[in-house]
Amino acid sequence: MRDQVTTSPARTNLAPVPFECDAPFLKITGELPRELNGTLYRNGPNPQFDSPGAHWFVGDGMLHAFHIENGRASYRNRWVRTPKWQAEHDAGRALFGGFGRKLPDAPPSTISDGGVANTNIIFHAGRLLALEEGHLPTEIEPGTLQRTGYCDYSGAIAGPFTAHPKIDPITGEMVFFGYNAAGPLTPALSVGSVNASGVVTRFDRFEAPYASMVHDFIVTENHLLFPVLPITGSLERAMRGRLPYAWDPAKGAYVGVMKRNGSADDIRWFRAESCYVFHVMNAWEEGDRIIADVMQFEEAPLFTHPDGSPTDPKKNHARLCRWTFDLSGNTDRFAQTCLDDLTGEFPRVDDRRAGLKSHHGWYACANPDLPTFGALSGIVHVDGNGKRRGNYLLPAGDTISEPVFIARDSEAAEGDGWLLAVVWRARENRSDLAVFNARYVEAGPVALVHLGHRVPDGFHGNWVTAA
């Protein structure tokens, strides 16, 4: 497979790279902070083979590891060798068309496991886990990036596992959920938790109002919230050869609120105007209210209506919005308030404040003065009310990944530390790892780690501190 990037001004960074490599000594501009000692792991779609009609969301996962230690930086990338990847590698061609569907000409003996492990990578209780929401976590060996197998915690969990589990900064507990919990395109959700020692302490299932792509969820000190929003799943569509998921706003928007120490029988469903949210910045409790800051789309991008017609591109941009749930009243509605008109995605906070009131947040943003308005080409720093504290914009054409926060040290104040993000240099068709002072992103990167090739646009990543 060749590197399919054109030389036109409108080229993008979506196409896969066709290789794995190691770069032990990378060139650095500026000076890497001596407090940074660890590895930034990133994950994203990088299909091994072209597959007709496959959605970008379902490309094979590729891990990118930037290791920083004592002012030096190295890089390694590897495909996640899932059963699907291995079967296609052995066959020398694509066998799946996406969302677990086998191609019509795939041999009858082809495995049924179409997992791609391509969305996130986290470290919890001594395990490095590559995640995508259709399958169990895939355990990865730190350093080598080799796959060791699925992680089901000795059989304590089963079925899909979210790409966005939440780790409680106080207890170290990891809370997770899964959609399609009763089988493909079903409305069942699962919910569970793994304690700081890596032991599953809960695993339950319940029914949602309808089958939905539930990409992220919300965790506060005492509550769990499940957004069921109208990217709807349909087995009938899938059987007719159409995309299993489509934008169907007539279904409405629901958010289920459950107590963390309660059961599915206690869940309370709130409603609001149709919208879609891929990612939550943070959420917390204020008395009988729950506040959640999210990146909200008026209409979901990258999906069509059920009849195949496109959604409105003018409504396909996410903005920072605040959801408010009043648990004391009798209303089943929640409030939606836009905090900023700037297009953005991939929000992050200082994870030491996850589920608690936070005063610093960051997200990748678009440059409103450029014609490619939807392209993420900068970073915004906001306060606890969503007000901009600073922002940094890249040169025209360049794009940026999700910014990941790393505290200066364990005792540092909230927001005192660094942001790491991968930047695609469009003119040179390669990537840099950019390091920002998190409180002063407007000053630009304090250091750039230069790669000789590009890292394709991906989804999520996290920092793992050196032992």
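1. On a 1 Å grid over the protein atoms alone, a cavity is a set of points where a 1.4 Å probe fits but cannot get out. Lining residues have an atom within 4 Å of a point. Grid points are joined across faces, edges and corners, and a volume is the space filled by probe spheres set on the points. On these terms, four cavities of 30 Å³ or more are found in a search of the whole structure.

2. The model is predicted: local features need pLDDT of at least 70, side-chain atom pairs count only at pLDDT 80 or more, and totals for chains, interfaces and linings use all residues. Residues are numbered from 1 along each chain as its sequence is written, and side-chain values use heavy atoms, with hydrogens and water left out.

3. The largest cavity has a volume of about 150 Å³. It is lined by 19 residues, of which Arg42, Val455, Pro456, Asp457 and Gly458 are the closest to its centre. Two or more lining residues come from each of strand 3 (38-45), strand 4 (61-69), strand 30 (399-400) and strand 32 (417-425); strands are DSSP runs (E, at least two residues) numbered from the N terminus. Strand 3 gives the largest share, four residues.

4. By class, the lining of the largest cavity comprises eight nonpolar, nine polar and two charged residues. Here Ala, Val, Leu, Ile, Met, Phe, Trp, Tyr, Cys and Pro count as nonpolar, Asp, Glu, Lys and Arg as charged, and the others, Gly among them, as polar.

5. The structure holds 28 salt bridges, each a side-chain nitrogen of Lys or Arg within 4 Å of a carboxyl oxygen of Asp or Glu. One of them joins Arg388 to Asp340, with the closest N and O atoms 2.7 Å apart. Arg388 lies in strand 29 (residues 388-393) and Asp340 in the loop between strand 25 (335-338) and strand 26 (344-349), so this pair ties together parts that are 48 residues apart in sequence. Arg388 is partly exposed, at 41% relative accessible area, whereas Asp340 is buried, at 10% (buried is under 20%, exposed over 50%, partly exposed in between, with a 1.4 Å probe and protein chains only).

6. Arg352 and Asp350 also meet through their side chains in a salt bridge (2.7 Å, N to O). Arg352 is partly exposed at 27% relative accessibility, and Asp350 is buried at 2%.

7. Glu428 and Arg430 form a further salt bridge, their closest N and O atoms being 2.7 Å apart. Glu428 is exposed at 51% relative accessibility, while Arg430 is buried at 13%. Through shared partners, salt bridges join Asp398, Arg425, Glu428, Arg430 and Asp432 into one network.

Methods
On a 1 Å grid over the protein atoms alone, a cavity is a set of points where a 1.4 Å probe fits but cannot get out, and a pocket is an open set with protein on both sides within 12 Å along at least five of seven lines; lining residues have an atom within 4 Å of a point.
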